[in-house]
Every structure is written in structure tokens, then in C-alpha cells.
Amino acid sequence: MIILSIDTSCDDTSAAVTDDAHVLSNVISSQVRYHKKYGGVVPFLAQRLHRERIRSVIQLALSRSRVSWNEIEAVAVTYGPGLAPALEVGIATTKELARERQLPVYAVNHMAGHIASCFAVLGTRPRDIRLPALALLVSGGHTELVLVKDEFRLEVLGETLDDALGEAYDKLAKMLNLGYPGGPVVATLAERGNSTLYNLPVPMQKSGDLNFSYSGLKNAVRLLINNLKELSGTPILNQQQIQDICAGFERVAHQSVVEKVEMAARLHPEIKSLLMAGGVAANTALRARLRRVSRQYGLAFYTPSNQKLCTDNAAMIGVAAYLGRVAGQSPVALETLDRMPGLHL
Ligand code: KG4
Ligand code: ZN
């Protein structure tokens, strides 16, 4: 099925064309440089930029896919979770298009989209992911462990009690004046740091469940930064200290993820694959650690085929709509389609 998909859940305006799990085009117009100076995403600025860009992003997705409007069989759109003003733009545009072109609409959960990004096919190499699978979703808004059962039925096993892992990266970057988003820059600095110099706590080590938490680690890092500044008598940390803090943060944050994934794998011996998706899946150090865990537990390991499929994008929404449809999901009635900012899986 050839689907035109749209995602405007946060600060990326994205449209894509997919044919079943095959990605024919995936256009992402990032707003990050507009939000950067505010240190995070400003919802109404995001809305205005989505409105200005959405139609041209859709046109570009169509022309890059070499698919004509007449060949599009359905529209898929993210209806949550995300920023309400931002989601509204994708939904309003979808309704206009569906009415203009008489097309059915599939409403997709953004998090199901991130999981589906692992199933997305670029080029011709098939991705025969064996289910049930364990999916680790690590983005700026979410940290979740999800059981992907047969027919793409999803069950949340654990989630963060406070900050998401990507958010923790972003907050650390803010404390160190490294700009926004924090993930990529913290990851690069961590490569040159000593990860064991500072004694930071591994989050949620004794929780006995599959939940995550990053606020304790954030506070420990804040204390450490203040102590280092006091000791040196200057309000600025040197480059080596910044690198060591980033490395220490990554070591314990990743350790926490690895321990939870291992616990889930032990509790669910039926799983055959491990999937990792969301913006933080772009982190090569975490990928390498989870690849090792997969090997130890005899699981096949999948992450999205490229970086564009890791961060927010519309192709994953099209693939999720396709997987949902194969599992028996129906299109939505346009009158009932509305944004659900706090939507859960
Ligand atoms: O999935 P995503 O694009 O947006 C949300 O739905 O949240 O994820 C964005 C998050 C940001 O917090 C960003 O700092 C983080 O992903 N991120 C990374 C890396 N690249 C992006 N975190 C760690 N390492 C990276 N290489
Ligand atoms: Zn996302």
C-alpha cells in the first residue's frame, strides 16, 4: 500500500511516501536552529514553522518518491504523543488532503512509529524481524521498554518515571553550556573523556522493575559541576573536565539502560529480537553495548537503517500505519481525528 505520511509532533516538519515497509522518500525540515536560542522547543513557534512549511515538505516528499498523487492510497498522520500546537498542523493538513483527494486516513501513535522505524526498508534488503521482540525506545520525550508481540501488538513493560534519556542528555548539555540538542555534542565529548574519574550513581539499579529514572543522575551531575567550580574558584570548567563529566554521565546512563534490557530479556525468554529506536538510537556507544547484549542473549539486533529514521521522521509513521493495517487496524473517521498530546502506547 502506498501511503503519504506526515509527522509534526515536535520540531521537525516531515512528510514521506512509503510502499508497505519500503521508504520511497523521507523529507525532514528541521526547525532546530530557530529553537536553539531558547534552549528547547517553543510550541507556538513550532506550530508557525510547521504551518509555513508543511505543504512544500509534502510536495518534495512526493516528487522525490516519483509517485504521483493518483497513486497515493492513504494518508497516515501522527496524532500523539507530542506538542499539541505542533500536532494540530499535521492533523489539519491531513484532513484537508483526505477531503480533497478522497483518501482514507490512518492515525498513528508516534511511539509505535519509532518502533516501526526498525522495520523500515531502504533499498532492497528485506528486514525480516522475528517477533516477539523487545523494543527500547529512547528519545527526547520517552524512554520505554516495549514488548512487540505478533502482529505488531505492543505492550509497555517499563518507562521513565521522570526525564527521558534524550532529555537528560539535553539537560546535561544545558548545564555545561553546550547548546541544544545535547545528545550529539555530549556523545562526541564523551569519547575523549575518562568515564570512571567521577563517581556517579547508576540510576534505578535496585528498583527491581523495568522502569527508568534520570532525575537523580541529573542532580548528581549538577552537584559535581558546582563542586568542581568551587574547588577551582572559577565559574568555568575546563575542556578536560567537561569531557570527563560527559563520559561519566554516558557510562552510568548507558549502564542503567543495559541492566534494564538484560532484566527484560531474562523475564521474557520468548523474545527473538532486540530493537532500538528513537533519537538516542543514533548514539554509537549505546548501540555497540546493546549489540553485545543481544549477542549474549541470542537475539537479533535491529536499529533503524539510517540516522534520518532514528530521529523524528514521517517514514516511520507510514511504516507503522502499514504494520497496523496488516494487523487489522482500520482507517479513522475524519470527524473523530484529533491530537492527543499525552497519548500512551
Ligand atoms: O526521537 P527524537 O528525534 O525526538 C523526540 O521524539 O524526542 O529524539 C531527540 C533526542 C534529543 O534529546 C537528542 O539530544 C537525542 O535524541 N539524541 C542523542 C543523539 N542524537 C540525538 N542522544 C545521544 N546521542 C546521540 N548521538
Ligand atoms: Zn520522536
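I take contact, or touching, to mean heavy atoms within 4.5 Å.

**Entry 1. Basis of the notes**

I worked from a predicted model, in which local features need pLDDT of at least 70, side-chain atom pairs count only at pLDDT 80 or more, and totals for chains, interfaces and linings use all residues. Residues are numbered from 1 along each chain as its sequence is written, chains are lettered from A and ligands numbered from 1 in the order in which they are written, and side-chain values use heavy atoms, with hydrogens and water left out.

**Entry 2. S256**

I looked up S256 and found it in helix α8. Helices (H or I, at least four residues) and strands (E, at least two) are DSSP runs, numbered from the N terminus. I noted that S256 touches V202, P203, F212 and Y214, with residues up to four places away in sequence not counted. Its relative accessibility is 1%, so S256 counts as buried. The classes are buried under 20% relative accessible area, exposed over 50%, and partly exposed in between (1.4 Å probe, protein chains only).

**Entry 3. The five-stranded sheet**

I traced an open sheet of five strands in the order β3-β2-β1-β4-β5, with mixed pairing. Its edge strands are β3 (22–30) and β5 (105–109), each of which pairs on one side only. From one strand to the next, the twist averages 20°. Two strands are called paired if DSSP finds at least two bridges between them.

I then checked individual pairs. Strand β2 (residues 12–19) runs antiparallel to β3, and eight bridges join them; A15 stands opposite V27 in β3. By contrast, β4 and β5 run parallel and are joined by five bridges, with G80 having N109 of β5 as its bridge partner. The path from β4 through α3 to β5 is a right-handed β-α-β crossover. Right-handed here means that, with the strands pointing away from the viewer, the path from the first strand over the helix to the second runs clockwise.

I also asked how β5 is placed. Four of its five residues are buried, so β5 is largely enclosed by the rest of the structure.

**Entry 4. Helices on the sheet**

I found helix α2 (residues 43–65) lying across β1 (2–7), β2 and β3, at about 25° to β2. Helix α3 (residues 84–101) packs on the sheet and touches β1, β4 (74–80) and β5, its direction making about 155° with that of β4. For these angles, axes are lines fitted to C-alpha atoms, for helices over the stretch in contact, and angles run from 0 to 180 degrees between N-to-C directions.

**Entry 5. Nonpolar cores**

I define a nonpolar core as a set of buried Ala, Val, Leu, Ile, Met, Phe, Trp, Tyr and Cys residues joined through side-chain atoms within 4.5 Å. Which residues touch the most other members of the largest core? Of its 52 residues, they are I245 and L290. Elements giving two or more residues to this core include β6 (133–138), β7 (143–149), α7 (215–232) and α9 (284–296). Helix α8 gives the most, with 13 residues.

I listed the contacts of I245, leaving out residues up to four places away in sequence: L172, L176, Y198, V221, L224, I225, L228 and L237.

**Entry 6. Helix α11**

I checked helix α11 (residues 315–326), whose twelve residues reach 17 Å from first C-alpha to last, close to the 16 Å expected at 1.5 Å a residue. The expected span is 1.5 Å times one less than the number of residues. Ten of the twelve residues are buried, so α11 is largely enclosed by the rest of the structure. Among the buried residues are M316, V319, Y322 and L323. Just after α11, G328 takes a positive phi of about 105°.

**Entry 7. Backbone exceptions**

I recorded a cis peptide bond joining L131 and P132, with omega about 0°; P132 is in the loop between α4 (110–116) and β6. The bond from Y180 to P181 is also cis, with omega near -5°, and P181 is in the loop between α5 and α6.

D20, which is not a glycine, has a positive phi of about 55° and is found in the loop between β2 and β3. At 26% relative accessibility, D20 counts as partly exposed. R66, likewise a residue other than glycine, has a positive phi near 60° and lies in the loop between α2 and β4. Is R66 buried or exposed? At 77% relative accessibility, R66 counts as exposed.
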